[in-house]
Amino acid sequence: MTFKSKLMSATAAIAMLTGAQAATAAGHGEITVAYFLEWPMPFQYAKETGMYDEAMGTKINWVSFDTGTAMSAAMASGDVQLSVSQGVPPFVVATSAGQDLQIVDVAVSYSDNDNCVVASGLEIDKDSAGELAGKKVAVPLGTAAHYGFLSQMNHFGVDISTMDIVDMAPAEGAAALAQGSLDMACGWGGALRRMKEHGNVLLTGAEKEELGILVFDATTAPATYIAENGEMVAKFLAVTAKANAMWADEANHATMLPVIAKDAGMSEEDTMSTLSTFKFPTVDEQLSDKWLNGRAQTFMKGVAGVFVDAGSIPSALDSYAGTVNTGPLEAAKDM
């Protein structure tokens, strides 16, 4: 199956699943929340110390996923009600295919923690990136890493139709790069750190931002769930904001770090190293023009355009304004 048809089939599957979403979304009982391992964030302190359960008055089941595309599928089937730190590209792929999802907050902003790594033996850098034509690369399709890969290849003028693109989760890509069976691999978090042991990045986070390649994740949920459980979502976001504010005060690091590291399945050293590359916008910042009051919607339209141009998705929405719902975050400010 080709790179293009793989993603097309993924979007078709999402569209088919969407019909089941409203029927199976949870009510006010237990809820299931998706998150990533090896992706340490302050919310995990709240997760492990019961802050969410206490504030929301319900049991929360936490389930880890490998990719944001898998989160979309789980929300479409009704198995998951909220996804923490879903990448914007997989969200755009799902909503472009007709899945009725909405962004409710900016979970984390990062640019140095999501990238592509070229095998050291090739000695290819940004000045010789054209040599990547015809090479084999592992990319987790429909993710932030996929968008970054497409944008960087477009910037360097590399025709992706000449490349052998393999759909692999970051951990698998890191292992394959280490074994020498790939020329380049794209990913994030702990997997990206392992990739860098066997290669180099083409562009730094700052260089990517200059090209307009933003990298941020959002907390997302089915629109039907948000409409029926707005107060629950607001309470969830209020706890997340509290945990972020706690982490912003370095006096809390000694208490929070061991808990976050254990839940992320990482060493404290690697956890701190990763967290130092993350930014957690405050609620007021998230509600500003820089994020959810305009820029995020415009950015998503740009992401969709790149995917359409690459033949990765058939079409984009006319506007992504309807895919952002700031109601629960506004309510969380007063909690």
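Start with the sheet. Five strands make an open sheet, and reading across it you get the order β2-β1-β3-β10-β4, with mixed pairing. The edges are β2 (60-65) and β4, each of which pairs on one side only. Going from one strand to the next, the twist averages 30°. Keep in mind as you look around that this is a predicted model.

Now select residues 31-36, which is strand β1, together with β2. These two are parallel and share 6 bridges. Find Phe36 and look across to β2: the residue opposite is Phe65.

A handy bit of background: strands of a sheet pair through backbone hydrogen bonds, either parallel or antiparallel.

Next, show the cysteines. How many disulfides are there? The count is 1. Select Cys116 and Cys186, whose sulfur atoms sit 2.1 Å apart in this disulfide. The link brings together distant parts of the chain: Cys116 belongs to strand β5 (residues 114-119) and Cys186 to strand β8 (residues 184-188), 70 residues apart. Both cysteines, Cys116 and Cys186, are buried.

Last stop: the aromatic rings. The whole structure holds 15 aromatic pairs. Select Tyr52 and Phe236, a stacked pair with 4.5 Å from centre to centre and 25° between the planes. Tyr52 is in helix α3 (residues 51-56) and Phe236 in helix α11 (residues 230-248), so this pair ties together parts 184 residues apart in sequence. Tyr52 is buried, at 0% relative accessibility, and Phe236 is buried at 0% too.

For another arrangement, select Tyr147 and Phe307: their ring centres are 6.4 Å apart and their planes meet at 85°, so this pair is edge-to-face. Tyr147 lies in helix α6 (residues 144-156) and Phe307 in helix α15 (residues 295-309), so parts 160 residues apart in sequence are tied together here.

To finish, select Tyr35, Phe43, Tyr52, Trp62 and Phe236 together: they form one aromatic cluster.

How values were computed:
Residues numbered from 1 in each chain as written. Predicted model: local features only at pLDDT ≥ 70, side-chain atom pairs only at ≥ 80, totals over all residues. Heavy atoms only, no water. Disulfide = S-S within 2.5 Å. Helix = DSSP H or I, 4+ residues; strand = E, 2+ residues; numbered from the N terminus. Buried < 20%, exposed > 50% of the residue type's maximum accessible area, 1.4 Å probe, protein only. Pairing = 2+ DSSP bridges. Axes fitted to C-alpha atoms, helices over the stretch in contact; angles between N-to-C directions. Phe/Tyr/Trp six-rings, centres within 6.5 Å; stacked < 30°, edge-to-face > 60°.
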